[in-house]
Amino acid sequence: MEYLSSDSVRLSEDEKSVVIIDQTKLPNETEYLTLSEADELYDAIKLLKVRGAPAIGIFAGYSMYVLSLGIDTDDRSVFLNKLKEYAAFLDGSRPTAVNLSAATKRIVKAAEEEKNLSVKEMREKIKRTAVAIHEEDIEMCRKISEYGLTLVKDGFNILTHCNAGPLATSRYGTGLGTLMLGKEKGYTFHAFCDETRPLLQGARLTAYELLKAGIDVTLICDNMAGFLMKQGKIDAVFVGCDRVASNGDTANKIGTSSLSVLAHYYDVPFYVFCPSSTIDFSAKSGEDITIEYREPDEIRSMFYKEPVAPDVKCLNPAFDVTDGKLITAIVTEKGICRYPYEKSLAELFLS
C-alpha cells in the first residue's frame, strides 16, 4: 500500500535534522517539521508532535545523532559528558514509554564502548546505531503483524484504542499492523475505532490511518465499547503498549484497562501488540511503571473553540496499567506469549 511506503520520523536529506509529521495537526493538515535544536526536539516529544512508543524511540535515536553534531570538541570525555546530558534532557520529556530512555542509553553505549574511536568516528557510530533502531522497528512491526494474522479470521470486527499504526511506529505499526498487512493479503476487516479522549488519538490518527489504507472503519465514542461487545459485534480488541512489565502488566493509553475489563466480562479476546523494545524486565509489575500526568486543559479545552467545562480541577493521567491476567495474548516479533507472562516472556526473550 502506498500509505506504508514512507516514514513519519526520518533523518533529513542533509543528515543535520530530524523530520517528523506534526501529529497534533492531523487529520486536517499534514505538516512536516524539520528539527535540530535541543529544546525543539524535547518539545516535539513533550507536546506530542511525535508520539507512540516506538516512534519516540526512533526519534530519540536520530535526535541524539543530530545533537552530537553540535558538540564542538575533539575531546572524547567532553563529548561523552555532553552526550549524556542530552540523553538525560530528552529522557525527561515523557517518563512512561520505555523506548525513549532505551534509545538514548543505546546511543550513549554505542559511543563509549570502543575506547579507541575519535569523536568523528563516534558520531558515525551514533548515526549507524540510530539507523539500526529505525530499521529494527520496521522489521519488528512486520513480524508482529504476521503473528497477529494467525489470531484473526477474514471478516473480523476489531476494536482499537488510541493509535498504534505507522504514525506511532514505522510502516505497518503494532496494534494496527495486522489490519494493514491483512489488507495487503486480501483480508476484509472492519475496525471500530474509539476516539480515545482527551487527545483523540483514535479519532484524529487511527481513523485517519485506516481510511488512508482503505480499511473499513467506524468511529465510536470511548463509552460505546460495552454496548457493541454485548451485541456480539466485536471479535477482538487490538491495542499497542508503551511499557510491559515482566509479569505482563501493560501500560498503554488511558482507558485501555477499562476495555480489558469489558472484554474479559464479554469473553472478547484482548490482544496487546508489543515490540521487544517496550518490554521492561526491570519492572516486576505495573506498580514499577511511572505514569505520566498531563495538563488539565487537555481535558477542558483542547480541540474546542471554547472550554467544555467550568474552571474546575482536572485529573489527566496519560496512561493506565492493564493487569496481565486480563490480556489474552501479548504479540511480539518473536512470537505470541500467553499468561502467565513471567514465564512466557522470559522463555521468549531471556532464555
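Trainee: How are H3 and H4 oriented to each other, roughly parallel or roughly antiparallel?
Mentor: Keep in mind that this is a predicted model. In it, the axes of H3 and H4 cross at roughly 175 degrees and come within 9 Å. Angles over 145 degrees count as roughly antiparallel, so H3 and H4 are roughly antiparallel.

Trainee: Which residues make that contact?
Mentor: From H3, they include Leu80, Leu83 and Ala87, and from H4 they include Leu100, Thr104 and Ile107. By class, the contact of H3 with H4 has eight nonpolar, two polar and four charged residues.

Trainee: Which residues of H4 are buried?
Mentor: Among them are Val98, Leu100, Ala103, Ile107 and Ala111. The cover over the buried residues of H4 includes helices H1, H2, H3 and H5, plus strands S8 and S11.

Trainee: And what span should H4 have?
Mentor: H4 has 15 residues, so at 1.5 Å a residue it should span 21 Å. Its end C-alpha atoms are 21 Å apart, which agrees.

Trainee: Switching to strands: what's the order in the open sheet of seven?
Mentor: The order is S6-S5-S4-S7-S10-S13-S14, and the pairing is mixed. S6 and S14 are the edge strands, each pairing on one side only.

Trainee: How many bridges join S4 to S5?
Mentor: Four, and those two strands run parallel. Leucine 159 stands opposite phenylalanine 192 in S5.

Trainee: Which helix lies across S13 and S14?
Mentor: That's H11, residues 341-349, running at about 160 degrees to S14.

Note on methods: Residues are numbered from 1 along each chain as its sequence is written. This is a predicted model: local features need pLDDT of at least 70, side-chain atom pairs count only at pLDDT 80 or more; totals for chains, interfaces and linings use all residues. Side-chain values use heavy atoms; hydrogens and water are left out. The expected span of a helix is 1.5 Å times one less than its number of residues. Buried means under 20% relative accessible area, exposed over 50%, partly exposed in between (1.4 Å probe, protein chains only). Contact means heavy atoms within 4.5 Å. Two strands pair if DSSP finds at least two bridges between them. Axes are lines fitted to C-alpha atoms, for helices over the stretch in contact, and angles run from 0 to 180 degrees between N-to-C directions. Angles under 35 degrees count as roughly parallel, over 145 as roughly antiparallel, 65 to 115 as roughly perpendicular and the rest as oblique. Ala, Val, Leu, Ile, Met, Phe, Trp, Tyr, Cys and Pro count as nonpolar, Asp, Glu, Lys and Arg as charged, and the others, Gly among them, as polar.
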